[in-house]
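Here are my notes on the model you sent. Please read them with the structure open.

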Amino acid sequence: MNPTSALAFLLPWHFSLTVLMVLVVAAALFTRGARNVASPVQVSRRFAFYLGLALVYAALQTKWDYYAGHMFFVHRLQHFVLQDVGPFLLAFSAPGAALASGVPAPVRARLRGARTALRPLARFIFDPWTATAMFVASLCFWLWPPVHFDAMLSNWVYTLMNLSVLIGDLPFWWLVLDPRPYPEARLGQGARILMLTIVMLPMMLVGAIIGLSRHDLYPVYEICGRFFPISPLTDQQLGGLIIWIPGGLLAVLAALIALSRAMSQSEARERTRPLRAS
């Protein structure tokens, strides 16, 4: 790919000032706050945060969005980033303290009242059952063939679909990948693994149904026009495999992270127990 074509790919396909401003402000706040927080932000966390923002930008703003409207499996790759990889990286970076520290003090003072008013809503959204239900619903609802057909042919529904899977899945990954131990964090590691198990089952089931189906479930891509010369069933099978395998592997990775943290936290408690006794 020459530099000109690479630049053409990276430029916005359907420009959204809102998306661009949110990503830029988030990057600026995190950069500013990472220098001000008491404990230094690890390089791995910084890399995860910036990579997560970059992938969200690529999925929503580059020509990738154009190709996603013409091939089902490319669309599933786009949603794999928006639903899973992007929120996973952002949550793994644990950016809450850095983002809060990056907000200027006068603005933080003005936002205090809003934070108090929004606390019940935040408590509901970040409830583990609510977050798990939103994750499963965002996957199943938009893949229901009649809904998917309408979404791909309507600009505003298509935009709503892409933004809703990103925003709706972020609380799930935020709860699962919170690096703090219970009770400082809302959940223990066992509850996080349970959440991952619950979402893996419908993910694998939906991927298997789509990938193994012998009928074209998404004829809308024939209307939009496929840019690869492959059959509708092959396109559909590839999309089903993307839901089934990479999505499941990411959930397994998150479960391994939870197990590793559970072991580390248990060892830390064992080391501090003799000190407390003495």
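**Notes on the predicted model**

1. **Ala94.** Ala94 has a relative accessible area of 18%, so it counts as buried, the cut-off being under 20%. The residue sits in the loop between helix 5 and helix 6 (96-102). Its phi is positive, about 45°, although Ala94 is not a glycine. Keep in mind that this is a predicted model.

2. **Overall fold.** What secondary structure does the protein have? There are 13 helices and zero strands. Read along the sequence, the pattern is α-α-α-α-α-α-α-α-α-α-α-α-α.

3. **Size and packing.** For 278 residues, a compact globule would have a radius of gyration near 19 Å; the protein has 21 Å, so the two agree. Along the principal axes, the C-alpha atoms fill a box of roughly 70 × 40 × 40 Å. Of the 278 residues, 42% count as buried. Take the contacts with a separation of 6 or more: 76% of them join residues 24 or more positions apart.

4. **Surface and charge.** The protein exposes about 15,100 Å². Carbon and sulfur atoms supply 71% of that area. There are 22 positive and 12 negative charges.

5. **Aromatic pairs.** The count comes to 15 aromatic pairs. One of them joins Phe49 and Tyr50, with 5.9 Å centre to centre and 75° between the planes, which is edge-to-face. Phe49 is buried, at 3% relative accessibility. Tyr50 is partly exposed, at 33%.

6. **Phe88 and Trp173.** This aromatic pair is also edge-to-face. Why does the pair tie together separate parts of the chain? Phe88 lies in helix 5 (residues 72-92) and Trp173 in helix 10 (residues 155-176), so the pair links parts that are 85 residues apart in sequence. Phe88 is buried, with a relative accessible area of 7%. Trp173 is buried too, with 2%.

7. **An aromatic cluster.** Which residues do ring pairs link into a cluster? They are Tyr66, Tyr67, Phe73, Phe227 and Phe228. Look at Phe228 here. It is found in the loop between helix 12 (220-224) and helix 13. Its relative accessible area is 39%, so Phe228 counts as partly exposed. Phe228 and Tyr67 are 161 residues apart along the chain, yet their C-alpha atoms are separated by 10.0 Å. Setting aside neighbours within four places in sequence, Phe228 is in contact with Met71 and Phe73.

8. **Gln78.** Buried or exposed? At 0% relative accessibility, Gln78 counts as buried. Beyond its neighbours within four places in sequence, Gln78 is in contact with Ala59, Trp64, Asp65, Ala68, Tyr158 and Asn162.

9. **Gln189.** This second glutamine lies in helix 11 (residues 189-212). Gln189 is buried, at 8% relative accessibility. Not counting residues up to four places away in sequence, Gln189 touches Ala258, Arg261, Ala262 and Gln265.

10. **A cis peptide bond.** Tyr182 and Pro183 are joined by a cis peptide bond. Omega is about 10°. Where is Pro183 placed? Pro183 is in the loop between helix 10 and helix 11.

11. **Ser264.** Ser264 has its place in helix 13 (residues 232-277). At 41% relative accessibility, Ser264 counts as partly exposed.

Conventions
Residues numbered from 1 in each chain as written. Predicted model: local features only at pLDDT ≥ 70, side-chain atom pairs only at ≥ 80, totals over all residues. Heavy atoms only, no water. Helix = DSSP H or I, 4+ residues; strand = E, 2+ residues; numbered from the N terminus. Rg over C-alpha atoms; globule rule 2.2 N^0.38 Å. Buried < 20%, exposed > 50% of the residue type's maximum accessible area, 1.4 Å probe, protein only. Contact = heavy atoms within 4.5 Å. Areas by Shrake-Rupley, 256 points an atom, 1.4 Å probe, with all protein chains shown as cover. Lys, Arg positive; Asp, Glu negative; His and termini not counted. Charge placed at Lys NZ, Arg CZ, Asp CG, Glu CD. Phe/Tyr/Trp six-rings, centres within 6.5 Å; stacked < 30°, edge-to-face > 60°.
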